[in-house]
Each structure stands twice: as structure tokens, then as C-alpha cells.
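Please look over the sequence and the structure below before reading my numbered points, which are meant as a careful first tour for someone new to such models.

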Amino acid sequence: MGAKNGRHLDPVAPKAEPEPETIGSSASICAAPDTNSSSDFSCESFEKPLYSDIHFGEGRFNMINVIGRGGYGIVVLAEDVKTKKRYALKIGKPGSASRRELAAFKLVNGTKGVPVLIKEWRELGCVIMQMQLVGMSLSEFVKQKGRKLTLDEGFKLAPMLIDLVEAVHSKGIIHADVKPTNFAFGIGSKSSKLYILDFGLSVTYLTSSGKHMEETYREANGTPYYMSANQHMSLWNSRRDDLESVVFTLMELCGIDRRWKHMPYPNYHADHMVYWNAKLGGTDGGTICQVLQFNNMLQMCRTLKYKDKPDYEGMKRLFKMKFSKASRNDIKPVSSAAVVKHSLNIWDKNVIMRFHKDRTEEDKEMYRGKKNKEESDTD
Ligand SMILES: Nc1ncnc2c1ncn2[C@@H]1O[C@H](COP(=O)(O)OP(=O)(O)OP(=O)(O)O)[C@@H](O)[C@H]1O
């Protein structure tokens, strides 16, 4: 069963050309070389390997530098010629993905912690979004520090991330790609503020009448290291899944090992099964994380049903407890029962047909082997 039209923003497709760890095919968009100043912005065309003169913004901007590039386009540091104010221009390559991102961005625009979308327009088939400029992402921040965050630092950060995700949810949107590169600090007087970026995979969870949409399926997409267990099982993201990704983001930033960290990039459904299994704690149902607070937050996410509103405040409270008070004996394996039961149910009914018709026989064999094992494990 596919996603039903009209109940969500978009049946968002996997990103076409993501950063290395994002699901999707290889990059086809290229960006101008980084220069300190250039009045003429030259962007490699989306298809051709040669540079062509594409002047976005109809001469209103000086394109200074490419500051980001990802699945849907490039992000350029641009200066307004008249006011000399600087902005980020996200230039989305032609296609429905950019339009979908814009639709989601408009819904969250004005939310605290989301860069302000100042203007949007189309040029040469590209969707251009003029946004408030933000600074260093959390992953760059950790790189610059030259070390991972301490748990104290991670615990200070956790409530900020939960607040940002809650703010997005309050607008009826699931972010669906929560990861360290999608959080960034502000600049200037806002440099201690944190922002949430990139609504390229976002979907709504509300119907037009404002009710929570019914459970459905979408092809596993997102960034594998940070996807929730349910996302690997192609369950349509809901609020719990963004928060599960917050836990994995914090684990990465604090340098906490994850069972799936060195797993190969998942291309097929069978690969996702392996990730899914690891994110449930492996076949032994073991503990995902030895840090009590992270483990407990994961537990809180996993006990939520699809439509449940997360206890954001309760999750934030977890991080007020001093680490020294957390004892290793308090750490219990994260319950996987709800996820397993639910997911197997869906596999049996729907997903096999949908995803496996195009797969190779070998992949099917792998899947059958794993599924038989899952079933015997749960008997
Ligand atoms: N408002 C902004 N100000 C400054 N930098 C930004 C802004 N928005 C995005 N960026 C930078 O551009 C990068 C790519 O942007 P974004 O994540 O929105 O694009 P994407 O194509 O969806 O990327 P990905 O495929 O990695 O998810 C970000 O990681 C960030 O470094």
C-alpha cells in the first residue's frame, strides 16, 4: 500500500543526491568553487559538467560563496547589493523535491528556531529560497572542537534539540531527517541560539481537518545512522521517530558507539532489516546505550504509538538528572516489543509485496532468512 494522496505534504522520494550518508543516488549537482568574493555567480549547471553563467536573484545579490550542498541543491552565501545584508539562498534544482521542501518550509516559517524564510521565487526552473543566514552546524562544531562532546555538554544540548523538534511538530510537520548537520548555531547576536534546518524530507502528520493521519508506509528514507527503527521498516514517520533520531544524534555528538556505526550503507530492504535489528538491540534485545538518560529517552520514544504525542517535557527532565546519579545498574535494555510486534505485522501484510517485486532473488533470499530468524526469535 502506498501513501495516500492528499493526506500529507508529499510522498517524499528519497533524496536524489545526498551527503554521503544520506539515502539516495549519487550527486549530480555541482557548485561554484569557493571564492571570497565574486559579483558574478557561476554555478555548474545541474546537468552539464561545464560552468554556465546563471545569475540568480536578478542582479539583486552578490553571490559570495557556496556554503552547503546537498540532495536538493546548493546553499549560497549572498549579499543584498543595496542593503549589504547577507542571506543564505537555497537554490533547489528543478523538480518536485524542491517544491515539496518549500511547501514544508512555508508551514514552519516563523517558528522559533527555524531560519526565517524571507522570500521565495522560481528562476530557470529552480526554486530559490532566501533565508536568514545561520552559522556552524553541530557536526562542524564538534569537528572544530577536535573532540566529541562530554556527557554534560550533551545533556545541555538535549533539551534544546527536543525544543526545536517540538516546535516543528507544533506546526504539524515531521522533520524526518534529524541529524547533526541539520542543526546549526545562529550568527552575530544569535550565535548562542540553535536552529533546525533542511525540510527536504519533511511531511505533515495532520489531515486537512487537523486530525492525525492514519498509519501508512513510505519507502525507507532519511539518513541511515539516524533513522528510527520504524523508519527502517518503512513505517511513515511520526513524532516519535524524530525524537528517536534526536537520541541517535546525541549519541553521535557525544561519541557513543552504536551497533550500526560501521554497517555498510543500506541499499536494499534486507540491509534495512539489519539496521532495524541493530537498533532494537540485536537479536538478544540488548541495551542500545549505556548512558541511562539516552537509553531512557529511547525507551520513551519506543513506547509511543504512531499517533501519540510525545512527552517532550518528560524527555527534557531526563537530562536534568546529574550524570553521577545515574548508575549503570539502572540501565535496562530498551524495550523493543512494541516495535517488533507492530513491524512484523506490517511486513506480513503489505510491505513484502511492495518492496520485493523489484529486488533480486539473492536479496529476497537474504530477507527470507532474516525474517524466519526474526519470527523464531519472537516465538
Ligand atoms: N540558512 C542557512 N544558513 C547557512 N547555512 C545553511 C542554511 N541552510 C542550509 N545551510 C547549509 O547548507 C547545507 C545544506 O543545506 P540543506 O541541509 O538544507 O540542504 P540539503 O540539500 O537538503 O542537504 P542534505 O542532502 O545534506 O540533507 C547545510 O548543512 C548547512 O551547512
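Predicted model: local features only at pLDDT ≥ 70, side-chain atom pairs only at ≥ 80, totals over all residues.

1. Leaving out residues up to four places away in sequence, L138 touches P180, F183 and L253, where two residues are in contact if their C-beta atoms, placed from the backbone, lie within 7 Å. L138 lies in helix α2 (residues 138-145); helices here are DSSP runs of H or I with at least four residues, strands are runs of E with at least two, and both are numbered from the N terminus. With 22 C-beta neighbours inside 10 Å, L138 counts as buried, since a residue is buried if 20 or more other C-beta atoms lie within 10 Å of its own, exposed if 12 or fewer, and partly exposed in between.

2. Residues are numbered from 1 along each chain as its sequence is written.

3. For the chain as a whole, there are 10 helices and 11 strands, and buried residues make up 39% of the 379 residues. Among contacts with a separation of 6 or more, 64% come from residues 24 or more positions apart.

4. How do helices α3 and α5 pack, and at what angle? Helix α3 (residues 151-169) and helix α5 (residues 239-253) meet at about 155 degrees, with their axes 10 Å apart; the axes are lines fitted to C-alpha atoms, for helices over the stretch in contact, and angles run from 0 to 180 degrees between N-to-C directions. The two helices are therefore roughly antiparallel, a term for angles over 145 degrees, whereas those under 35 count as roughly parallel, 65 to 115 as roughly perpendicular and the rest as oblique.

5. On the residues of this pair, G154, L157, A158, L161, I162, V165 and H169 in α3 meet R239, D242, L243, V246, T249, L250 and L253 in α5. By class, this contact has 9 nonpolar, 3 polar and 2 charged residues, where Ala, Val, Leu, Ile, Met, Phe, Trp, Tyr, Cys and Pro count as nonpolar, Asp, Glu, Lys and Arg as charged, and the others, Gly among them, as polar.

6. K90 is found in strand β5 (residues 86-92), and is buried, with 29 other C-beta atoms within 10 Å. Leaving aside neighbours within four places in sequence, K90 is in contact with G73, V75, M129 and M131.

7. Most residues other than glycine have a negative phi. K84, in the loop between β4 (73-80) and β5, has a positive phi near 65 degrees and counts as exposed, with 8 C-beta neighbours inside 10 Å. A176, in the loop between β8 (173-174) and β9 (183-185), has a positive phi near 75 degrees, but counts as buried, with 27 such neighbours.
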